[in-house]
Amino acid sequence: MVRTPLAALTAVLSGLVLALAGTLVLTHSSAHAATLQPVTGFGSNPGNLDMYSYRPDGLPPGAPLVVALHGCTQDAATFHSHSGWRQYADQWGFAIVYPQQRATNQGASCFRWYEAAHTRRDAGEALSIRQMVSYAVTHYGSDPHRVFITGLSAGGAMAAAMLATYPDVFAAGSVVAGLPYRCAPPETTVMCQFVGVQRTPQQWGDLVRNAYPGYQGPRPKVAIWHGTSDFTVTSINATELMKQWTNVLGISQTPSETRSLPADTTLDIYGADQVRRYLISGMGHGQPVDPGSATDQCGTAGAYFLDRLCAAYHDAVWFGLADDGGPPPTATPTPSPTATPTPSPTATPPPVCVTYHNYAHTLAGRAYQVGGYTYAVGSDDPLGLWSVGVVTTLRQVGPDHWVNGC
């Protein structure tokens, strides 16, 4: 087990996996599966990363490209075989590039999202990943206007860094169980990961704008995924990511629409569907998958691949890569029949529940402490010692009003 503070943090992020996919509509049949291939000579590679690519047989020039980032202790092959992105590359026709970390760079094979040297434009690992995209555009004929990125946990944090530093490269991206851009540094990785760092939307947005000073072009849209019972990367980060990207895109932090999806998933949509936040009730740390044969099912369950719903499907459709280009059928609200004289009752949304240690609850404003003991804000319910060793579940019943239990 890694014991240094930095390595310990990133080792806890083990299994973080990233997958991002783009698609091209094929006229009569899906492309056939090829094999995952190593690629060398893709650029100066200042981040010292490896590159792997997957291109379905017969993929024509002009197809979209997805960049998929694996997590700590994982590699390109693991994410390729488990996440479900390969299935949609075959079905809808797009290439996938998998950057891969080397253990000689980072002991747990984590992308270095927490080091400024690797999250700046035209430097370090960020530049290596950018060079992989350029290679795919030049050698595969990938459409430079349909490049997407996704990642899980440490990979998700690196995906956020790529969206911030290269808004001129990516059309959209998804951050799964990840963190906001430039949470660390200046904060510690422990603070960002386990407790969560809260800033104003303007402060978060300025960090992104400063990643490419003077840029006035279009910004990518961003999807955010997180489990409410994630104790590896606190789910507070989903809210902070939402604040960051809604501010960058100049839209309200109040959802324009909320949908209920399968697997106790709540989808909040912001602006003109420019930012999405998926909160999966009770899910821990991992990539949501849903093994099965239906179109909206994908992946293989395992460590950090959690059987809930297929995130790759929802992202691919939202990116515009599916052949129908429409929203997932399970995400579309069903209107009440017009012939019914009495409107159907509105479904009660699932309660907002957060499980975490008492110290994090107080930092997030859900609880307060007096004399070393913790109490829920609003109800004053006793929660026990003010400590990271005491884990409690709080349920929100109103603005700034929380009760013990869910």
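## A buried glutamate and its partner

Glutamate 125 is buried, with a relative accessible area of 0%. Here "buried" means under 20% relative accessible area, "exposed" means over 50%, and "partly exposed" is anything in between, using a 1.4 Å probe and protein chains only. What does glutamate 125 meet in a salt bridge? Its partner is arginine 112, at 2.6 Å from N to O. This pair links distant parts of the chain: arginine 112 sits in the loop between strand E4 (95–100) and helix H4 (124–139), while glutamate 125 is in helix H4, 13 residues apart. Arginine 112 is buried too, at 11% relative accessible area.

## Where the numbers come from

Keep in mind that this is a predicted model, where local features need pLDDT of at least 70 and side-chain atom pairs count only at pLDDT 80 or more, while totals for chains, interfaces and linings use all residues. Residues are numbered from 1 along each chain as its sequence is written, and side-chain values use heavy atoms, with hydrogens and water left out.

## More salt bridges

So what counts as a salt bridge? The rule is a side-chain nitrogen of Lys or Arg within 4 Å of a carboxyl oxygen of Asp or Glu. By that rule, the count comes to 10 salt bridges. The general idea is that side chains of opposite charge can pair when their charged atoms come close.

Glutamate 240 and lysine 243 make one of these, with their closest N and O atoms 3.0 Å apart. They are three residues apart in helix H8 (residues 236–249), so about one helical turn separates them. Helices (H or I, at least four residues) and strands (E, at least two) are DSSP runs, numbered from the N terminus. Glutamate 240 is buried at 2% relative accessibility, and lysine 243 is buried at 15%.

Then there's glutamate 257 with arginine 259, whose side chains meet at 2.8 Å, N to O. Buried or partly exposed: which is glutamate 257? At 29% relative accessibility, glutamate 257 counts as partly exposed, whereas arginine 259 is buried at 13%.

## A three-strand sheet

Now for some strands. Three of them form an open sheet in the order E13-E17-E18, with antiparallel pairing; two strands pair if DSSP finds at least two bridges between them. Strand E13 (352–357) and strand E18 (401–404) are the edges, each pairing on one side only.

Strand E17 (residues 391–398) pairs with E18 over four bridges, in the antiparallel sense. Across from tryptophan 402 in E18 stands glutamine 396.
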